[in-house]
Amino acid sequence: MENRALIAALLLVGCGGGADTSQDAAATDDAGVDVATFDAAGDAPSPDAGTYPAFAPEMPKVVNGGGAILSAPKIVTVTWNADPNQATLESFGDGIGASAYWTATTSEYGIGAATSLHAHVATAPPSTMTDDALDTFIADEVAAAPGNGWPANDPQTVYVVYVPEAMELTASGQNDCNNEEGYHDETQTQSISHIVYAVINEGCRDAQDVVSFSTETASHEMVESATDPHAETDLAWGGFDEDHYAWEQWNQKQDELADACEYFAEANYESAAPFDFWLQRSWSNAGAAAGHDPCYPAPAGAYYNATPLGLDAIDVTTKNGTIATKGYSIGVGTKRTIQVGLYSDAPHAAWTVSVVEGDGTTTPSPHLTIAQQTTSGENGDVIDVDITTNVTKASGVLATIVSTASGEPTHYMPFLVATE
């Protein structure tokens, strides 16, 4: 999970491969919000016989690299006895695996209900510890299990380690909060090939209370630990499909399931009883493809956005080579009129649409001149946008359709312009 300061800056403008599974009936999340029922193929049904949404959105899919997943996770909550929030964090670990939140965020990726176990660290937390030392500590404790009171490791186990505020976690000589608030990883011993763990750095909370910060961060890392546990050796769910490379650029290469949603204003929310904790929404391939909010559990109300129509097959050059993807081909000095289709998954009043160069939250050095005659509409409307390319860029120029409605989160739809 990336540093919250970066996320906050973005939000000023507004982390064996399993097959998809189906759900037998519609579920309700902990806030009482409907969770889409998936069909046998893992796809959410189209609402209102195709009337909503009016257009198929150019939303990406997070792809499966074929690696192992934790299909029946065992979540081990690891806390120091000196942590005043130990009991609450254990209660969170006890409840998440059977919650509607867990079903909504993981079931379509082959993950079942999670069970809960605890491990305690009796020694006082050191004032500081490096991330490498923490990795070694976790490996040593798992190697000593179960004689030391830690649950023994197996292929379904993830150790969720809460670093107390009293301990500063560092990386490369700096406070690790400068890099990330939490992360998931794997380590090994001579006899254990994969030890999956997540780290929740309580000291990164800033002004937020420590429990809500920790549960938000933990929900993110638990989802990713289950769906992509062997992040160093055997990738599972992670990375956007190549047709939608624009999303890799827009999301700054943060492309595991929870990463894909962390930059959205509606990412974090407080669930209701019986599982009353702050959580982070996570990417749903099925929801995105069906024109719903791509971050599940979906918020209440109609989801609205706009999508580019009639994209071309283009090539862009990156440091890893040439990528065949989708976008618009507009040579330098050439003007082209593209069309943007507005869609919502239920009736929604007209909203404002603007097409801008960059990610919609910053103002980059201009490569494009963009003009649109119409700046608002509703489901089914089409807006013409004139784009002129002024400067060439081998990696393609990122542009973003920004949809805004008063009192509601801003929604984004990035696309690429190939200039060669």
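Author: A crossing of two helices is right-handed if the near helix is turned clockwise from the far one by less than a right angle, and left-handed if anticlockwise. The model discussed here is predicted.

Reader: In which hand does α2 pass α5?

Author: Helix α2 spans residues 86-96 and helix α5 residues 210-227, and their axes come within 11 Å. The axes cross at roughly 35 degrees. The crossing of α2 past α5 is right-handed.

Reader: How many residues of the contact of α2 with α5 are nonpolar, polar and charged?

Author: From α2, Thr-88, Leu-89, Phe-92 and Ile-96 take part. They meet Val-211, Ser-214, Thr-215, Ala-218, Ser-219 and Met-222 of α5. The division is six nonpolar, four polar and no charged.

Reader: What is the geometry of the ring pair of Trp-247 and Trp-283?

Author: Trp-247 lies in helix α6 and Trp-283 in strand β15, 36 residues apart. The ring centres are 5.8 Å apart and the planes stand at 70 degrees. Planes over 60 degrees apart count as edge-to-face, so the pair is edge-to-face.

Reader: Is Trp-283 buried or exposed?

Author: Among the contacts of Trp-283 beyond its neighbours within four places in sequence are Met-59, Tyr-109, Trp-247 and Phe-264. Its relative accessibility is 0%. Buried means under 20%, so Trp-283 counts as buried.

Notes: Residues numbered from 1 in each chain as written. Predicted model: local features only at pLDDT ≥ 70, side-chain atom pairs only at ≥ 80, totals over all residues. Heavy atoms only, no water. Contact = heavy atoms within 4.5 Å. Axes fitted to C-alpha atoms, helices over the stretch in contact; angles between N-to-C directions. Helix = DSSP H or I, 4+ residues; strand = E, 2+ residues; numbered from the N terminus. Nonpolar A, V, L, I, M, F, W, Y, C, P; charged D, E, K, R; others polar. Phe/Tyr/Trp six-rings, centres within 6.5 Å; stacked < 30°, edge-to-face > 60°. Buried < 20%, exposed > 50% of the residue type's maximum accessible area, 1.4 Å probe, protein only.
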